[in-house]
Amino acid sequence: MADPLSQIVTLLRPGAPYAKIASASGAWRVRRDEDGIVFYNLTLAGRALLEVDERPPVLLEEGDFALIPAARRFTLSSLEPALPQGRFSEPVPIAPGQVRIGDPDLPVTTQSLVGHCTFAARDAGLLLTLLPDLVVIRGEARLAMLTRLVADEARATRPGREVVLERLLEVLLIEAFRASGGTTAPPGLLRGLSDPHLSIALRALHENPARPWTVAELARAAGLSRSAFFTRFEREVGRAPMAYLTGWRMSLARDRLRRGDGSLTEIGAALGYGSASAFNTAFAREVGQPPGQYAMSIAGMVREEAPA
């Protein structure tokens with residue numbers, strides 16, 4: 001059956017424009033406010049404090065991997081000594097692919113491999129709502145190896161760099177999300193996939209999004225009563241089953257419209273809509289504009305971004 005997590009990460013089409021080794025000493029604090037990027041941090045030595053959108057601080061130690069898929073505002077700082085609140089450090093480039101943070105006259109106490117990636121998918125925001133907004137994994141050797149490979153490729157100028165980076169990042173993101181799943185994950189796709197009953201229904205939806213699914217059919221596939229399935233799906237996944245199906249269909253529709261893959265009738269039929277008008281209505285309700293208008297706006301953005 002289909003692997004929902006792999007499908008979503010593939011649709012995101014990640015790329016990595018930035019990867020550096022950051023060495024820090026003394027009291028320091030860096031802040032990131034950019035939107036539309038995903039930050040990752042592999043702590044190579046020492047400790048640091050990660051604070052994301054007023055969440056409780058998270059202690060990162062050697063071997064810990066942190067990923068912030070939603071690109072929220074966050075700070076990374078020293079523990080002791082600590083800078084006074086409101087003060088921030090400016091990373092200083094010291095060599096290709098390396099920056100220094102804090103007092104350069106003091107010995108390095110913390111070193112991290114840091115970077116960010118971007119998503120080419122126009123509906124990345126919608127897809128990211130299905131994934132956790134913060135991932136922290138401790139002492140996972142596979143993730144450390146993948147992160148180093150991403151950083152090495154990002155800093156190189158080898159032939160095929162962009163393709164290799166996209167594939168490496170897909171694997172990195174899947175590994176990170178897979179390692180952060182389970183019953184302790186926040187409501188969303190990963191938590192739903194960890195449920196032995198709901199995972200059957202989720203894989204079925206992703207395997208055949210065009211099928212005219214009903215809650216009763218999905219409940220039978222999951223081996224639950226209709227009411228128990230609905231309540232459990234909404235609690236674990238964070239949305240009702242039919243709302244999830246519609247959101248997934250629209251993600252697939254946006255991807256096909258972006259690529260110019262078929263007419264509106266063909267795309268609608270492939271996603272379970274009996275007519276172009278039915279697809280048009282569903283798309284406009286979910287996305288906020290008709291699919292034809294969406295396709296034209298995407299084509300216009302592509303022309304504007306194309307090099308002169």
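Reply: A residue is called buried when its relative accessible area is under 20%, exposed when that area is over 50%, and partly exposed in between (1.4 Å probe, protein chains only). Leu-106, at 39% relative accessibility, therefore counts as partly exposed. The model is a predicted one, in which local features need pLDDT of at least 70 and side-chain atom pairs count only at pLDDT 80 or more, while totals for chains, interfaces and linings use all residues. Residues are numbered from 1 along each chain as its sequence is written, and side-chain values use heavy atoms, with hydrogens and water left out.

Leu-106 belongs to the loop that joins β9 (98-102) and β10 (110-119). Such strands (E, at least two residues), like helices (H or I, at least four), are DSSP runs numbered from the N terminus. When neighbours within four places in sequence are set aside, Leu-106 is in contact (heavy atoms within 4.5 Å) with Ser-25, Gly-26 and Arg-100. Ser-25 is 81 residues away from Leu-106 in sequence, yet their C-alpha atoms are 6.0 Å apart in space.

Thr-147 is part of helix α3 (residues 141-154) and, at 0% relative accessibility, counts as buried. Apart from neighbours within four places in sequence, the contacts of Thr-147 are Tyr-40, Leu-42, Phe-65, Leu-113 and Leu-172.

One of these residues, Phe-65, is also among those with the most contacts inside the largest nonpolar core, which has 64 residues. A nonpolar core is a set of buried Ala, Val, Leu, Ile, Met, Phe, Trp, Tyr and Cys residues joined through side-chain atoms within 4.5 Å. Helix α4 (residues 161-179) gives the most to this core, with eight residues. A second, separate core of 18 residues includes Val-30, Ala-48, Phe-74 and Leu-76.
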